[in-house]
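Dear colleague,

Please find the structure below, with its sequence. My findings follow directly after it.

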Amino acid sequence: MSIPWHLYLPIAGNSVNILLVFGMGGLVGLLSGIFGVGGGFLMTPLLIMIGIPPTVAAASDSNQIVGASTSGTIAHFRMGNVDIKMGLLLLVGGVLGGTVGVQIIKVLNRMGNADFLISITYVLMLGIIGIYMFQESLQALRHVHKQAAPVASGKPSAYAMIVQKLPWQMMFEKSGVRLSILMPLILGVFVGVLSAIMGVGGGFIMVPVMVYLLRMPMHVVVGTSLFQILFTCVNVTIMQAYTNHTVDFVLALILLLGSTIGAQFGVSISKRLKADQLKILLASLVLVVMVKMLLDLLLTPNILLSYIGGH
Amino acid sequence: MIKKYAVMIVICGCLALAASASMAEEPLQALLFPDRIGIGTFYNGSVVSLNGSLPADCEIVVRVTGSDMHLKMKKKGKVLGLLWLNRDTVNFDAVPEAFLLYTSGKFDTLLDGRQKQTPVWQLGLTALEDRIVVTPVSPERSTLIQDLLKLKENEGFYAVNTTGIHYTPVSGDQKKFDVTLGIPPKLPPGAYRVEAYAVRHGDIVSTWQHPLTVKLESFPKVLSSLAFNRSALYGILATLVAVIAGLFIGVFFGGGKGGH
């Protein structure tokens, strides 16, 4: 008797090879474990490639992230790597921004410009983040650039001066930074708007925002980002299941198992790599995705038609 | 008396017509097995067998078709003369949910050199170009329909198969046929129709059809019912299961960082 490797997913309306989905989860988990940032922007396109409808792929990925970020948040919390104060402020901002973003998409959908905004936002965000991280890590590896520390240097940057002048300054002990509470709130709104527009969890935007704009140490960034993403994805999963019926939790469970095992290997690989090597690898990955998206926009497509609601 | 003869002549005429009609409809006999497909937990598409007999000088054409549907789609266009993005909305009507065609050779050879619009040509995939309605009316109608057919073929809902039909010669003027119909896993649950046509020199000489039902059963049925009929409960359960799985994995792996 042969082992049934295929599983029918009634929400996705298709049959998938269990090993293939498990392997995809493992691959994305490996990358997440190495870089400590999201797999949403990789997992969704991979699922679409194996025949999962885009809306089901995105929603089920959110469901998978709930499980992955639960174990991740607890592990980081035990190690003291979660800045709950910062995470909650980012979360409040993120929820507000997400609501604003959904309304922007609704208005633009009516005007017929939503796809344009989504595509351009993706390419610009991936391009800016990827190039900036790549450049910075390259300079650090070449030892020609001293670690950016504008507050410690003789003359603070314009950005640091603005940040210092903002009202309601507060000490974030876990992160070791003193900031106005407006900063995480505003940046949370910004990431929330972008997440809603781009339809992703926001991890790959949140991490650079925390590192470069909130000046948080890398180990706290990963834990706090996971904490914030856990709640965002709980909300997204319930909303998507209720309104669009697009959450396939069987698919999510297989991905979760694969990504967790992949993440274990990823973490052990990341321990052997230097922070700048990690950053340059992540930057390369982000730039590859950006170039792929840019080519999709520039090259004449094979089929000019697409279903409404698809990516 | 004359009236009586007239009635008899009319009755004889009707009988003669009925007899000639039954002679024109040459026998095509077929059996579909199974005619119900259950989508269970490990379902990965299915195979249905159609076998029977037809006149020895005929070819068999088999179609699996679904009900007609309406599709609202986006058409990509160039923005700023540079970027390809979804722009206009296009509506398609009378689009069959499935269209799987089985022939024993290239479909065009069945037309026997005859032109479009013949009854046999109407059986083919290209005939859908005439049938599908596109709104708003567009000068690009033909290109749009061809793109739609290409998209449906890529998804596996439309296909033309030239293998899978086997003939066995038998004595007399009949031959046996055996067709293996591959049902793709993506074909949604619903009512479909299997049609068989005996074709000779570009003409349809006999037809046969039978319903084919595809339905969810066991675990997929329970899950689908929960997701569509009790969606709030399903959403909460999906979240709880993920959280519990995350906690379990955290304990099992000693608290991995987990991807997000």
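The crossing of H1(A) and H2(A) is right-handed. In this predicted model, helix H1 covers residues 18–35 of chain A and helix H2 covers residues 40–49 of chain A. Their axes lie 10 Å apart, and the helices pack at an angle of about 160°. Because angles over 145 degrees count as roughly antiparallel, H1(A) is described as roughly antiparallel to H2(A). On the side of H1(A), the contact is formed by Met24(A), Gly25(A), Leu27(A), Val28(A) and Leu31(A). H2(A) contributes Leu42(A), Met43(A), Leu46(A) and Leu47(A). Sorted by class, the residues of this contact comprise eight nonpolar, one polar and no charged.

As a rule, two packed helices are described by the angle between their axes and by the distance between the axes. For helix H3 (residues 54–78) of chain A and helix H10 (residues 249–272) of chain A, the angle is about 45° and the axes are 8 Å apart. H3(A) and H10(A) are therefore oblique to each other. Their crossing is right-handed. From H3(A), the residues Ser60(A), Asn63(A), Gln64(A), Gly67(A) and Ala68(A) take part. They meet Phe249(A), Leu251(A), Ala252(A), Leu255(A), Leu256(A) and Ser259(A) in H10(A). By class, this contact of H3(A) with H10(A) contains six nonpolar, five polar and no charged residues.

Turning to chain A as a whole, the chain has eleven helices and five strands. Of its 311 residues, 51% are buried. Among contacts in chain A between residues at least 6 apart in sequence, 71% join residues at least 24 apart.

For chain B, my notes concern the confidence of the prediction. The mean pLDDT of chain B is 84, and 85% of the residues score at least 70. Which elements of chain B have the lowest and the highest mean pLDDT? The lowest value, 47, belongs to helix H1 (residues 2–24) of chain B, and the highest, 96, to strand E2 (residues 36–39) of chain B. Two stretches deserve a separate remark. Over residues 12–24 of chain B, pLDDT stays under 50, and the model has one contact beyond four places in sequence for this stretch. Over residues 256–260 of chain B, pLDDT also stays under 50, but here the model has 30 contacts beyond four places in sequence.

With kind regards

Terms used: Residues are numbered from 1 along each chain as its sequence is written. Chains are lettered from A and ligands numbered from 1 in the order in which they are written. This is a predicted model: local features need pLDDT of at least 70, side-chain atom pairs count only at pLDDT 80 or more; totals for chains, interfaces and linings use all residues. Side-chain values use heavy atoms; hydrogens and water are left out. pLDDT is the predictor's confidence in each residue, from 0 to 100. Helices (H or I, at least four residues) and strands (E, at least two) are DSSP runs, numbered from the N terminus. Contact means heavy atoms within 4.5 Å. Axes are lines fitted to C-alpha atoms, for helices over the stretch in contact, and angles run from 0 to 180 degrees between N-to-C directions. Angles under 35 degrees count as roughly parallel, over 145 as roughly antiparallel, 65 to 115 as roughly perpendicular and the rest as oblique. A crossing is left-handed if the near helix is turned anticlockwise from the far one by less than a right angle, and right-handed if clockwise. Ala, Val, Leu, Ile, Met, Phe, Trp, Tyr, Cys and Pro count as nonpolar, Asp, Glu, Lys and Arg as charged, and the others, Gly among them, as polar. Buried means under 20% relative accessible area, exposed over 50%, partly exposed in between (1.4 Å probe, protein chains only).
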